[in-house]
Amino acid sequence: MVALGAVIAILLGFALFYGLKGKKSIDSSMKSSENRTCKSDSGRSTDIIIVGAGVAGSALAYTLGKDGRRVHVIERDLRQPDRIVGELLQPGGYLKLVELGLEDCVSDIDAQNVYGYALYKDGQSTKLSYPLGSFNSNVAGRSFHHGRFVQRMREKAASLPNVRMEHGTVTSLLERNGTIKGVEYKTKTGEKHTAYAPLTVVCDGCCSNLRRNLCNPKVEIPSCFVGLALENCKLPFANHGHVVLAEPSPILFYPISSTEIRCLVDIPGQKVPSVSNGEMAQYLKTVIAPQIPHELQTAFISATEKGNMRTMPNRSMPAAPYPTPGALLMGDAFNMRHPLTGGGMTVALSDVILLRDLLRPLRSLDNAYSLCKYFESFYTLRKPVASTINTLAGALYKVFSASSDPAREEMRQACFDYLRLGGVFSSGPISILSGLNPRPLSLVLHFFAVAVYGVGRLLIPFPSPKRLWIGARLISDASGIIFPIIKAEGITQMFFPVAVPAYYRAPPVK
């Protein structure tokens, strides 16, 4: 693995280094939707059951409803969600929203346009703009209160006459002879019910209690976020996300309304200082506050003193499905990545579009086994986009986190300086991060270009044995960061999907 990384780095060449130098209406809509049923001549009232009405579930319900499918959505809590992630939609995700006809869901919720990022390290900063020159002026990232966005999407889905949205908790999948026939659920009054449909799509979020039936969940929690809302302050770079390469790990800032800025402080591991006894506030004020831009320090300290801090574990989980007749996994129930890069909603919306397109040629969904074979193409076709975004998130988090290892620290500094070069050296990586160019090969080339750039810096003007050793360790560490992530995602599906037989699956003919 190290040798492969070294080969890639050598192919990029030292020439590269030298080249581098020179919410009420919603409630009423939900209620009318809950009371609605969809009958068919066969007596079956539903084509597709969707478990969960978050971003993926609501978007899927709307797009399938528009296509004439009879959809039953079961969501455990139809109140407005209150989360500290899922608040930044990258430009690539916004384009998917437009393609789904859901772009008005970011209107009238005080969403803010985002045009790129500002990166900070050791008192220095650089602005990285999204490459939006070839797009319509409306195309940009969007940041907002997550709950407001989800409620708008739920309202849109519930407004369709063939979409029924119900408040209930799915307790189990109904299985018969290896095929999922529907679900068992409890209503908000505690009554037990069953619902049947030829296809059940499970997208009940990061804490899904159903995914173990449909995949091999290997969930990792590399860190936790502590979230605060800053008021009465402005970001140094307006309409940009801000990433501070702090110790021990990155700090994020981005607007969530015209008057609020979300701050997410990453804390490595699963244990965080206690909020209740004041340890968290002390940690934020003494360790974190001195590292953030001075324009935000007063508002940051004020937010910590108010005590309105929330924590959330950051989960990652590669997609490892068990193809199961009658059922499909989507959203965070299926695949998660570190939220540092804000790519989760882009992946979810991309998956929704892909599934919609695969379902459109099908008049009937009754042949569960043929449908299951056909859906193997879904798992393959989604890989290049999803795996690129997933790999970038995992790799960038490791590179951006502080380390006592000189080679890792050199990689961190090299990444910051590489992005500061501008031109293709910033637009290339930022186009991948934004979801506008999610190509796995581009990701790998830029990742190792950073490593080569770091090695070149070490060897100028004169290489010493220590610098040569750190350079070799840098290439080794770069390989050790990215290759395990790529392996977990699936090398063939990620880079050579056309070599996978499922890529060519044709719609089943009844």
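User: Which helix gives the most to the lining of the largest cavity?

Analyst: In this predicted model, helix H12 gives the most, with five residues. H12 spans 383-400; a helix is a DSSP run of H or I of at least four residues, a strand a run of E of at least two, both numbered from the N terminus. Residues are numbered from 1 along each chain as its sequence is written. Local features need pLDDT of at least 70 and side-chain atom pairs 80 or more, while totals for chains, interfaces and linings use all residues; side-chain values use heavy atoms, without hydrogens and water.

User: Why is this space called a cavity?

Analyst: It is so called because, on a 1 Å grid over the protein atoms alone, a 1.4 Å probe fits at its points but cannot get out; lining residues have an atom within 4 Å of a point. The lining has 23 residues, with Leu-392, Leu-396, Cys-415, Leu-419 and Pro-429 nearest the centre.

User: What makes residues of this lining nonpolar, polar or charged?

Analyst: Ala, Val, Leu, Ile, Met, Phe, Trp, Tyr, Cys and Pro count as nonpolar, Asp, Glu, Lys and Arg as charged, and the others as polar. On that basis, 21 lining residues are nonpolar, two polar and none charged.

User: Why are some residues of helix H5 called buried?

Analyst: Buried means under 20% relative accessible area (1.4 Å probe, protein chains only). Pro-91, Gly-92, Gly-93, Tyr-94 and Leu-97 therefore each fall under 20%. These residues pack against strands E3 and E7 and helices H6 and H9, where contact means heavy atoms within 4.5 Å.

Note on methods: Buried < 20%, exposed > 50% of the residue type's maximum accessible area, 1.4 Å probe, protein only. 1 Å grid on protein atoms, 1.4 Å probe; cavity = no way out; pocket = protein on both sides within 12 Å on 5 of 7 lines; lining within 4 Å.
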